[in-house]
Amino acid sequence: MSGMELGLSIGGERESGADVRSANVTAVMALSNILKSSLGPQGLDKMLVDEIGDVTITNDGATILKQLEVEHPAGKVLVELANLQDSEVGDGTTSVVIIAAELLKRANELVKNNIHPTTIIAGYRIAMRECIKYIQEHLSIKVDQLDEDCLLNIAKTSMSSKFIGSESALFCQIIVDAVKAVKIINPMGKAKYPVNQINVIKAHGQSTSESMFMPNGYAVKLMRASQEMPTSVGPAKIALLDFDLKKHKMGMNVNIVIDDPEELDRVRQKEMDFTKDKIQKILDTGVNCVMTTKGIDDFAMKYLVEAGVLGVRRVDKKDIKRIAKCTGATVVLSMATMEGDEDFDAKCVGGADEVVDQRVGDNDFIFVKGCKATKACTILLRGANEFMLEESHRSVYDALCAVSRTMESNAVVPGGGAVETALSLHLEDHARTFDSYEQWAIAEFAEALVTIPKTLALNAAFDAIDLLAALKVRHHASQKANDAKKKDYKWYGLDLTNGTVRNSISAGCMEPMVSKLKSLKFATEAAITIIRIDDLIRIAPEPEEE
């Protein structure tokens, strides 16, 4: 009897076995092919236009996948994978997707050759563990042995694939200085470099090379509330408010009925006095800079101007929290006390060397310089148009993450496809130590890793087969040889400007080890997640009642 007769029909469609795998692989390869041409220093950019016509020009893997509204469930796994790599490491989003897609494609071929998915998953896991072990033992260099040039090279490598790569000398210095400026020691005694303490702001006009770095300061894209206020105050005592400074109004729709016209003036005067007292209490603590997330009306402005206070209104909540952290201030939500009066606590006031209202390009900025509590710094990006600024911001963020991860983990690996080639050769040998079906999966994993150097060479318009052969010969020699000169071949990667192979470490092409380890882990896990799927059931939506 069929399922229909038994009343076991599923309200929807069902695909299983080979159909699902092929559909998943097709979807994942489609995404991977979109990203492939944007990998590496010679990678090309993508122009993405959304439904309302906003244009994004980028070659950052995570951004491209965010903009593509992917419908396919397996495709969504890859989008999440790129976002995960972006939030965990910041760099290497494109390569992680390419490796995951390649692993999946090869797994599908193995399944067609009657190897069970469980065996493939086991093989991939063995290969991944072996890769991580091999990188840590043979391919990493401790940063303690390298100087500041190493950090500059890390930033340069990260930016080489972006369009600000041409200005890399300026940006590398800015990025390394910025990351060093926010160093904090956590309770465990380890140094941390929180990237979110670095504020990146964008200003139109001038060329990218006019970008600048502001140590120990924070900038907000706002101007002072009134032109009569001072343009700078210092040393600054800052009050951060989260309420309006305006004429007092009765709350909760309370109406006052007045019979005597003279009383009306007194009520109005009292309302003004409320506000005046409120502002006076804030000023009594010695405050000379007031920032609020809400508004300051003309009436309140008059008192602030008379007192020579710099007032800034409509500050973003995110910015005011960061300023509070940097200056040691507390954001005040209300001045009400437990007794029902109003008071402003002097402990809530933060300090900085000076607060300045400066014009940069077409916009005014408020700079908080010399913050007292924690370290914060600001990178001001300049650029000809919105697209360039957005892309510069993404590139700088990637490089900041790469440098901070390097300084936290203290280890780097050679770039230019060196790690992938070395791992591929090592795994091929390692696969032969297994006499079970896992051998095939490990060998395919090894083959999948070669996609990275192959794609790098293709994007740079060189002969991939020729370059890969030269690279493999050197890595094979380094793994089998005993003499020191040949051992150094393990640092060899691709030189995509001249179309040759070279020592990546001495050429300054390096990446943080964390980035490589995590991208291998994440790519393997994502591929395994999709290989496990052998059935897809789409539940049909319930028919709408008329």
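Colleague: Which helix holds both Glu391 and Arg394?
Modeller: First, this is a predicted model: local features need pLDDT of at least 70, side-chain atom pairs count only at pLDDT 80 or more, and totals for chains, interfaces and linings use all residues. Residues are numbered from 1 along each chain as its sequence is written, and side-chain values use heavy atoms, with hydrogens and water left out. Helices are DSSP runs of H or I with at least four residues, strands are E runs of at least two, and both are numbered from the N terminus. Glu391 and Arg394 sit three residues apart, about one turn of the helix, and the helix with both of them is α11 (residues 386-409).

Colleague: How far apart are the closest N and O atoms of Glu391 and Arg394?
Modeller: An α-helix has 3.6 residues a turn, so residues three or four places apart point the same way. Glu391 and Arg394 form a salt bridge (a side-chain nitrogen of Lys or Arg within 4 Å of a carboxyl oxygen of Asp or Glu). Their closest N and O atoms are separated by 3.1 Å.

Colleague: Are Glu391 and Arg394 buried or exposed?
Modeller: Buried means under 20% relative accessible area, exposed means over 50%, and partly exposed lies in between, using a 1.4 Å probe and protein chains only. By that rule, both Glu391 and Arg394 are buried.

Colleague: What span does α11 reach from its first C-alpha to its last?
Modeller: The expected span of a helix is 1.5 Å times one less than its number of residues. With 24 residues, α11 has an expected span of 34 Å. Close to that value, its reach from first C-alpha to last is 35 Å.

Colleague: Which residue forms a salt bridge with Glu420?
Modeller: Glu420 lies in helix α12 (residues 418-431) and its partner in helix α18 (residues 513-531), so the pair ties together parts that are 96 residues apart in sequence. The closest N and O atoms are 3.4 Å apart. At 7% relative accessibility, the partner counts as buried, and its name is Lys516.
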